[in-house]
Amino acid sequence: MTIAPFLRSIVSVRSSVPDDAFTAEALGTVREGSGVVIRDDGLVLTIRYLITEAEEIWLTRHDGRVVPAHALAYDQETGFGLVQALARIDIPALPLGRSSDVAPGDRLVVAGGGGRQHAVVASVTAKREFAGYWEYVLDEAIFTAPAHPFWGGAAAINDRGELVGIGSLQLEQAAEGEAGERLNMIVPIDLLRPI
């Protein structure tokens with residue numbers, strides 16, 4: 001896979017949430033994850049729970065430069081969140097691919113902010129429905145293994161260097177009587193276009 005240059009498009013996301021926020025007890029008051037620059041004006045796609053009720057958001061580039069940002073929008077049905085950089089971020093946008101082209105057995109890079117050392121080559125283990133009683137239902141979520149340890153907002157990138165999904169969860173899937181395999185659940189990028 002020749003996608004290393006595209007890792008520059010992934011940023012670390014850190015948000016601060018008030019102590020009395022509705023989600024503070026369950027999700028904490030300091031949340032950290034990743035996001036992907038999807039437009040040259042500094043629009044960043046991430047996962048909703050990182051930015052819900054955030055008072056402050058900071059984006060950290062691969063070179064350590066920090067840029068302030070604010071939550072622009074989030075979608076309850078898909079789990080996507082959008083963040084707008086409030087200063088020039090000077091990072092190229094990662095092109096959007098098609099998650100509908102992803103199939104079980106395909107290899108993807110699942111990458112968080114911080115460069116190559118925060119990237120994992122993973123295989124698509126399944127595409128199937130995901131229902132999280134606390135959040136959303138996806139008709140065809142993407143599941144990958146091995147699991148990325150910093151999954152929240154991580155980019156799922158195909159072999160053409162295109163964004164095909166955003167990491168949401170780490171789950172354990174066990175066959176009867178066997179130890180569980182850790183997987184990442186990826187929200188498919190095709191869900192972004194309609195919203």
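Which residue in β8 is the bridge partner of Val110? The partner is Val120. The structure is a predicted model, in which local features need pLDDT of at least 70 and side-chain atom pairs count only at pLDDT 80 or more, while totals for chains, interfaces and linings use all residues. Residues are numbered from 1 along each chain as its sequence is written, and side-chain values use heavy atoms, leaving out hydrogens and water.

Strands here are DSSP runs of E with at least two residues, numbered from the N terminus. Strand β7 (residues 107-111) runs antiparallel to β8 and is joined to it by five bridges; two strands pair if DSSP finds at least two bridges between them. In general, strands of a sheet pair through backbone hydrogen bonds, either parallel or antiparallel. Six strands, in the order β7-β8-β9-β12-β11-β10, close into a barrel with antiparallel pairing.

Strand β8 (residues 119-131) also holds Lys127. The Lys127 side chain reaches two backbone oxygens: that of Ser99 at 2.9 Å and that of Val102 at 2.8 Å. Among the residues that Lys127 touches are Pro104, Glu140 and Ile142, where contact means heavy atoms within 4.5 Å.

The nonpolar cores complete the picture. A nonpolar core is a set of buried Ala, Val, Leu, Ile, Met, Phe, Trp, Tyr and Cys residues joined through side-chain atoms within 4.5 Å. The largest has 44 residues, and Leu45, Leu59, Leu163 and Met185 have the most contacts inside it. A second, separate core of seven residues includes Val102 and Ile142.

Definitions and conventions:
Helices (H or I, at least four residues) and strands (E, at least two) are DSSP runs, numbered from the N terminus. A polar contact is a pair of N or O atoms within 3.5 Å; within protein, one must be able to donate a hydrogen and the other to accept it, and residues adjacent in sequence count only if both atoms are side-chain atoms. Buried means under 20% relative accessible area, exposed over 50%, partly exposed in between (1.4 Å probe, protein chains only). Lists of a residue's contacts leave out its neighbours within four places in sequence.
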